[in-house]
Amino acid sequence: MSVVSSCAALRKSIEKSRKNSLFTVSQVTLLAAVKGQPVSSIMEAIDAGVADFGENRVQEAGAKWPALKARHPNVRLHLIGALQTNKAAEALALFDVIQTIDRPKLAETIARIRDSGFGIQEKQFYIQVNTGEEPQKAGVVPKEADTLIAQCRALRLPIVGLMCVPPAGRPAAPHFALLRQIAERHGLKELSMGMSEDFETAVRMGSTCVRVGRALFGIDPAAR
Ligand SMILES: *Cc1c(COP(=O)(O)O)cnc(C)c1O
């Protein structure tokens, strides 16, 4: 299937799930997860009307996006992979949205860069929660999420929502429910949850941003 027709099919099922949602969400962002994708695939997605893109690595994004953004200034670039503190300045220069704040040190580093004069008022930040408490995965564990959210607010970082990547091969619904509970407790509106396998469930559970790779582009070229 071409990217254009996958995109149309995806939008249709997202809309259907949104209407069947238990929650009132007026719009769900379709974010294309493009790790390992060539610029030609990204261009196809842009032509199909996708406006939000997610990269996992600062370095990979830095190689592709400055040129793409110059040509497509309305595109919003999201960091959806782990961020090292020593790459924070580079990430702030490249990305419009950072979805993976997961520890106080990273929040403090971003605040310090802001305090040195780098404007972040146009940026959005999400906190990544490791809902499955998987040791190999990034994200703050659920019991420490409240503290991290409070720390980010004290640092005046504009946190808009939460993001999670549930454990593979297990039902995702309990993880989406947990993420939602934490967000509600703090009045956070955005929920970045749902990928190719489970975006319909995620949307029914109130997701505002689904991050889709394989269902849009076919097999991940990095996994071939
Ligand atoms: C790769 C990736 C996705 C997309 O996964 P698919 O299963 O290909 O849809 C979403 N979120 C993150 C953080 C990813 O790394």
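User: In this predicted model, how far is an oxygen atom of the ligand from an N or O atom in the side chain of Arg 214?
Analyst: The model is a prediction. In it, 2.5 Å separates a ligand oxygen atom from an N or O atom in the Arg 214 side chain.

User: How much of the ligand does the protein cover?
Analyst: On its own the ligand has 380 Å² of accessible area, and the protein covers 89% of that.

User: What about Asn 56 and Gly 213: how far is a ligand oxygen from each?
Analyst: For Asn 56, an N or O atom of the side chain is 2.8 Å from an oxygen atom of the ligand. For Gly 213, a polar backbone atom is 2.8 Å from an oxygen atom of the ligand.

User: Which other residues are around the ligand?
Analyst: Among them are Ala 33, Lys 35, Ile 80, Met 163, Val 165, Met 195, Ser 196, Arg 211 and Val 212. By class, the shell has six nonpolar, three polar and three charged residues.

User: Turning to pockets, which space does the ligand take?
Analyst: The ligand takes the space of the largest pocket, whose volume is about 670 Å³.

User: Which lining residues are closest to the centre of that pocket?
Analyst: Lys 35, Val 165, Met 195, Arg 211 and Arg 214 are the closest, out of 29 lining residues.

User: And how does the lining divide by class?
Analyst: The lining of the largest pocket comprises 12 nonpolar, nine polar and eight charged residues.

Methods. Residues are numbered from 1 along each chain as its sequence is written. This is a predicted model: local features need pLDDT of at least 70, side-chain atom pairs count only at pLDDT 80 or more; totals for chains, interfaces and linings use all residues. Side-chain values use heavy atoms; hydrogens and water are left out. A residue is near a molecule or strand if one of its heavy atoms lies within 4 Å of it. A polar contact is a pair of N or O atoms within 3.5 Å; within protein, one must be able to donate a hydrogen and the other to accept it, and residues adjacent in sequence count only if both atoms are side-chain atoms. Accessible areas come from the Shrake-Rupley method with a 1.4 Å probe; for residues, only the protein chains shown count as cover. On a 1 Å grid over the protein atoms alone, a cavity is a set of points where a 1.4 Å probe fits but cannot get out, and a pocket is an open set with protein on both sides within 12 Å along at least five of seven lines; lining residues have an atom within 4 Å of a point. A molecule sits in a cavity or pocket if more than half of its atoms lie within 2 Å of its grid points. Ala, Val, Leu, Ile, Met, Phe, Trp, Tyr, Cys and Pro count as nonpolar, Asp, Glu, Lys and Arg as charged, and the others, Gly among them, as polar. Grid points are joined across faces, edges and corners, and a volume is the space filled by probe spheres set on the points.
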